[in-house]
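Please look through the sequence and the 3D view below before reading on. The report that follows is meant to be read with both at hand.

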Amino acid sequence: IKGDPIEAYDEGESYVLDFWATWCGPCIASIPHINELQQKHKDNKVNVIGVAIWPSPSMTPTAEFVESQGDRMDYRIATDIDG
């Protein structure tokens, strides 16, 4: 949804996966901290990826939510809606 896709894992790089959902209050509260983690370590070969999971019909669509966040979510965002 956001950022360049990662085609393969690169040796010497770290990958941090943050599983979240737009309807999850604690997940939303963690966004500034996840964003800070990426900004602090982006030059140290750390790749932060927010993975949106468990959509529900009543939630804000993930792509719409991410777009509304702008630079407050300045890290890669992917979805796993099929489990």
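## About the model

This is a predicted model, in which local features need pLDDT of at least 70 and side-chain atom pairs count only at pLDDT 80 or more, while totals for chains, interfaces and linings use all residues. Residues are numbered from 1 along each chain as its sequence is written, and side-chain values use heavy atoms, with hydrogens and water left out.

## The disulfide

The structure holds one disulfide, a term that stands for a pair of cysteine sulfur atoms within 2.5 Å. C24 and C27 form this disulfide, and their sulfur atoms are 2.4 Å apart. The torsion about the S-S bond of C24 and C27 is about 70°, so the disulfide is right-handed. Both C24 and C27 are buried (buried means under 20% relative accessible area, exposed over 50%, and partly exposed in between, with a 1.4 Å probe and protein chains only).

## The two sides of helix α2

In helix α2, which covers residues 62-69, the residues T62, F65, V66 and Q69 are buried. Seen down the axis of α2, these buried residues fall within an arc of 95°, so they line one face of the helix; the arc is that of the directions from the helix axis to the C-beta atoms. An α-helix has 3.6 residues a turn, so residues three or four places apart point the same way.

On the other side of α2, E64 and E67 are exposed. The buried residues of α2 pack against β1 (14-20), α1 (25-41), β2 (46-53) and β3 (76-80), where contact means heavy atoms within 4.5 Å. After α2 comes G70, whose phi is positive, near 55°.

## The largest nonpolar core

A nonpolar core is a set of buried Ala, Val, Leu, Ile, Met, Phe, Trp, Tyr and Cys residues joined through side-chain atoms within 4.5 Å. The largest such core has 14 residues, of which W20, M73, Y75 and I77 touch the most other members. The elements that give two or more residues to this core are α1, β2 and α2. Leaving aside its neighbours within four places in sequence, M73 is in contact with K2, W20, I31, N35, F65 and V66.

K2 lies in the segment before β1 and is partly exposed, with a relative accessible area of 23%. K2 and V66 are 64 residues apart along the chain, and their C-alpha atoms are separated by 7.9 Å. A polar atom of the side chain of K2 lies 2.8 Å from the backbone oxygen of G70.

N47 lies in strand β2 and is buried, with a relative accessible area of 10%. The side chain of N47 makes a polar contact of 2.7 Å with the side chain of E13, and another polar contact, of 3.1 Å, joins the side chains of N47 and R76. A polar contact is a pair of N or O atoms within 3.5 Å; within protein, one must be able to donate a hydrogen and the other to accept it, and residues adjacent in sequence count only if both atoms are side-chain atoms. K45 lies in the loop between α1 and β2, and its phi is near 60°, a positive value in a residue other than glycine.

Key: Helix = DSSP H or I, 4+ residues; strand = E, 2+ residues; numbered from the N terminus.
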